[in-house]
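Thanks for coming, everyone. Please look at the screen, and I will walk you through one chain.

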Amino acid sequence: MRSIWNGAISFGLVSIPIKLVNATESRSVSFRQVHVEDGGRIRYRKVCELDGEEVAPAEIGKAYEDADGTMIPITDEDLAALPLPTAKTIEIVAFVPAGEIDPLQMDAAYYLSANGVPAAKPYTLLREALKRSDRVAVAKYALRGRERLGMLRVVDDVIAMHGLLWPDEIRAPEGVAPETPVTVRDAELDLADALMATLGEVDIDTLHDDYREAVEEMIAAKAAGGEGVAPPEPGEEDGGGRVIDLMAALEKSVREAKETRGETAEVTDITSRRPAKKTAAKKTAPAKETTTKKTTAAKATATKKTAAAKKTTAAKKTPTKKATPKKRTA
C-alpha cells in the first residue's frame, strides 16, 4: 500500500519512524456528468470572476474571506512559519480506555507502518503496551495543512489510527429528540426485546452492498446492448408519516424474523409472561388461603353452636319422672 505521509510517533522520549497508509477505500460506483443531448463530458473550468479568464493551477493561491468580503492572501510560506510541533510527528498526549472516545468523533482510518528496521523494536513495544493496558492512545498530528486529533489502537499486529473530530466540532443534538410526550408500554418493550433476540448477532464480513451490485449489473446489461434491468415489482408504500399499530408491527416483525431463521413463529406468549403479572399472582395466593381458613373456622364455630342448641332443646322436651311413694305395710 502506498504511504500518504511519513513521520514519527512521539512516545515520551521514544521516536518511532512510521509511514501512514489509508486503511479504507471507497468501492462506490462513480459517474461522470455528461451532456444528455450528445453524451459529451461536462468539465469544470476554474475562471477568475474579475476578468473571466481561465486560471492555470500554478496561478491559484489561498486567501481567507473576511466577514465584509475582503480577501486576505495566505501563502504556503505563511503556513510553514507557524509553530506546529506536530508537522511531522504523531504526538501521543494520553492513554485512555476506549470507552471514553465518543464514536461521533470517529473520522478517517489509517494503518501505521514501521519505517525501516530500526523502527521495528519501538513499534512492537508500543503495540504490545497498548495490548496489555487495554487502552488506546490519544494523539495530535498534522495532515493536509491542519492539526488533527487521533486515536491509536491495535488491529491484529498493526497499530491503526483513527482521525478524530475535535470536541467543539460535534454538534449538540438540540431539537432532534421527539418533542411529543410518549409512553412505551411493557408489552411493547417485551416484543422489542423478543425481536432483538430473534435477529441476534451477525458476522459483519458477510454483509455486502446490494445496491452497488445492482448498479454494476445494470451497467453491464446496458454495455451489452440491453435495456438494463427490469424495475422491481411494486410493493407496499412507505409508512412514513402514517400512524401504525405498533404492537401488530412488532409481532409481525418477530414472526417474520423467526420464519427467516427457520424457527417456530410463536409470539402470543411473550406479553403473557410479564414480571408484573407473576408478582400479582404471588401476592393474590396468600389472600385466598387466609380467606379459606377464616371460612372454615366460621363453619366449625357455627356447627358447634348448632349442636349445643340441639342438646338444650332435647333436654327441655324430655319430661321429668316423679318419684312414686312407697306403700306402708300394716
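Let's start with lysine 62. Its relative accessibility is 48%, so lysine 62 counts as partly exposed. Keep in mind that this is a predicted model.

What does the side chain of lysine 62 meet in a salt bridge? The partner is aspartate 76, and the N to O distance is 3.0 Å. Now look at where the two sit. Lysine 62 is in strand β3, residues 62–65, while aspartate 76 is in helix α1, residues 76–80. They are 14 residues apart, and the pair links distant parts of the chain.

**Other salt bridges**

How many salt bridges does a search of the whole structure find? It finds nine. I will show you two others.

Go to lysine 131 and glutamate 128. Their closest N and O atoms are 3.7 Å apart, and they form a salt bridge. Both are in helix α2, residues 120–133. They are three residues apart there, so about one helical turn separates them. Here is the general rule. An α-helix has 3.6 residues a turn, so residues three or four places apart point the same way. Lysine 131 has 38% relative accessibility, and glutamate 128 has 36%.

Next, lysine 140 and glutamate 147. Their side chains meet in a salt bridge at 3.8 Å, N to O. Lysine 140 is partly exposed at 26% relative accessible area. Glutamate 147 is partly exposed too, at 23%. Some salt bridges share partners, and these join Arg127, Glu128, Lys131 and Asp157 into one network.

Now helix α5, residues 246–260. Let's check its length. The helix has 15 residues, and at 1.5 Å a residue it should span 21 Å. Its end C-alpha atoms are 21 Å apart, so the two values agree.

Which residues of α5 are buried? They are Met247, Leu250, Val254, Ala257 and Lys258. These residues cover an arc of only 100° around the axis, so they lie on the same side of α5. What do they pack against? The buried residues of α5 pack against α3.

So let's view that from α3. Threonine 198 lies in this helix. Its relative accessible area is 9%; under 20% counts as buried, so threonine 198 is buried. Leave aside its neighbours within four places in sequence. Threonine 198 is then in contact with Val254, Ala257, Lys258 and Arg261. One more detail here: just after α5, glycine 262 takes a positive phi of about 75°.

**The surface side of the story**

Stay with α3, which covers residues 186–199 and also holds leucine 189. Is leucine 189 buried or partly exposed? Its relative accessible area is 42%, so leucine 189 is partly exposed. Leucine 189 forms a nonpolar patch on the surface with Val182 and Val184. Together they have about 280 Å² of accessible area.

**Arginine 212**

Last stop: arginine 212, in helix α4, residues 210–223. It is partly exposed, at 22% relative accessibility. Which residues does arginine 212 touch, not counting those up to four places away in sequence? It touches Arg27 and Val29. Arginine 212 and arginine 27 are 185 residues apart along the chain, and their C-alpha atoms are separated by 8.4 Å.

How values were computed:
Residues are numbered from 1 along each chain as its sequence is written. This is a predicted model: local features need pLDDT of at least 70, side-chain atom pairs count only at pLDDT 80 or more; totals for chains, interfaces and linings use all residues. Side-chain values use heavy atoms; hydrogens and water are left out. Patches are made of residues with over 30% relative accessible area and no salt bridge: like charges are joined within 9 Å, nonpolar side chains (Val, Leu, Ile, Met, Phe, Trp, Tyr) within 5 Å. Accessible areas come from the Shrake-Rupley method with a 1.4 Å probe; for residues, only the protein chains shown count as cover. A salt bridge is a side-chain nitrogen of Lys or Arg within 4 Å of a carboxyl oxygen of Asp or Glu. Helices (H or I, at least four residues) and strands (E, at least two) are DSSP runs, numbered from the N terminus. Buried means under 20% relative accessible area, exposed over 50%, partly exposed in between (1.4 Å probe, protein chains only). The expected span of a helix is 1.5 Å times one less than its number of residues. The arc is that of the directions from the helix axis to the C-beta atoms. Contact means heavy atoms within 4.5 Å.
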